[in-house]
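Please look over the sequence and structure first.

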Amino acid sequence: MDSQVMPREQLGVCAEGNLHSVYLMFNANDNVESDMRPCVATIAQYIHELTDQYSDSAFNGFVAIGANYWDTLYPNARPELLKPFPAMNRDNRDAPAIEFDLFVQIRCDRFDILHLVANEVCQMFEGLVELVDEERGFRFLDSRDLTGFVDGTENPKGRSRQEVALVGDEDSKFKGGSYIHVQKFTHNLSKWNRLPVKKQEDIIGRTKADNIEYASADKPLTSHIKRVNLKDSEGKSMEILRQSMPYGSVKEQGLMFISTCRNSVHFEKMLESMIHGDAEGNHDHLMHFTQALTGSSFFAPSLDFMHSAI
Ligand code: HEM
């Protein structure tokens, strides 16, 4: 991509993994849009500058605008594919929509910096928003989900992270932005941990200890990676960039699942394949052990869009 014409992306969208994260979900007060536009641009810029200041601890983050709030904040232009969260339900498998107006994700390898910046961000928003939800994520062992399986292995690498996650010329006004989907999953770990390891591995489609992908013929149709490995009508892989991290405490714990993508279609198709399954009803058996508590859809615009739309 030509950097001359590439608006500056928010660096947290494509960043590599971190040790810690803070997720802040806000709803906006009524009639504050003219103050909110400069405020979100300033917060995104502040996060961008901290990325340099705290580069030795890999600080990064982004600000994203909720699908249902977008038109209120930016009535003049909307990303082409921005839609509310695609809520779905089948039998006991539920993917509810719980939307928020604004989402701030910050991540860093130092927790004290995150705590400081989270407080700063809330201070900057003062009078404009209500903080509705807050979670703190952490790296678990060698980047494992709390099920014990390594998470993120098949994520796009290097420059293809940008290719997958950032809007390009197809929607030039929103170039450098990203469609973000968030689901807070709470795991039923006592049920999961009662399963023999081989059964767990069949559900994921990879081995547990050494994280080796099953041979294609051995992958059950109900395994997670079989369900989310999709191709479009031209046979091209449908990809997303996952920025998920474990979160929680002993009382409630699971995965903050976060997808960033240059469109909103890939995530929706994957979720459909997990919850509804294929024509024969093969759904994702991982869903028997975890429950989505939220489901929210956002767009994280480029820094240049936010500044130009003040
Ligand atoms: C792969 C865990 C939800 C999309 C994986 C892997 C694990 C995992 C362990 C294998 C390692 C890897 O390549 O990262 C989980 C857990 C979830 C969850 C614990 C929720 C509780 C989702 C959702 C989606 C999704 C909601 C999309 C709608 C993917 C994709 C891959 C993957 C695209 C890579 C598949 C491949 O190319 O092999 N996940 N996942 N996951 N997951 Fe999930």
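## Annotated domain

Over residues 142-304, the chain is 23% helix and 20% strand. The end C-alpha atoms of that stretch are 36 Å apart. Helices (H or I, at least four residues) and strands (E, at least two) are DSSP runs, numbered from the N terminus. An unreviewed UniProt entry lists residues 142-304 as "domain: Dyp-type peroxidase C-terminal"; such annotations may be inferred rather than shown by experiment.

This is a predicted model: local features need pLDDT of at least 70, side-chain atom pairs count only at pLDDT 80 or more, and totals for chains, interfaces and linings use all residues. Residues are numbered from 1 along each chain as its sequence is written.

## Ligand shell

The ligand is surrounded by 25 residues (C-beta atom, placed from the backbone, within 6 Å). The closest are F149, T153, E154, F185 and M270. Two or more shell residues come from each of β7 (178-187), α7 (224-228), β10 (253-261) and α8 (265-275).

## Helix α8

Buried residues (20 or more other C-beta atoms within 10 Å of their own; exposed means 12 or fewer) in α8 are H266, F267, E268, M270, L271, M274 and I275. They pack against β3 (88-90), β4 (93-95), β7, α7 and β10, with contact meaning C-beta atoms within 7 Å. G277 follows α8 and has a positive phi, near 80 degrees.

## Helix α6

Helix α6 (residues 197-204) buries E201, I203 and I204. Seen down the axis of α6, these fall within an arc of 160 degrees, so they line one face of the helix. The arc is taken over directions from the helix axis to the C-beta atoms. K198 and K199 are exposed on the other side.

The buried residues of α6 pack against α7. Just after α6, G205 has a positive phi of about 95 degrees.

Technical notes
Two residues are in contact if their C-beta atoms, placed from the backbone, lie within 7 Å.
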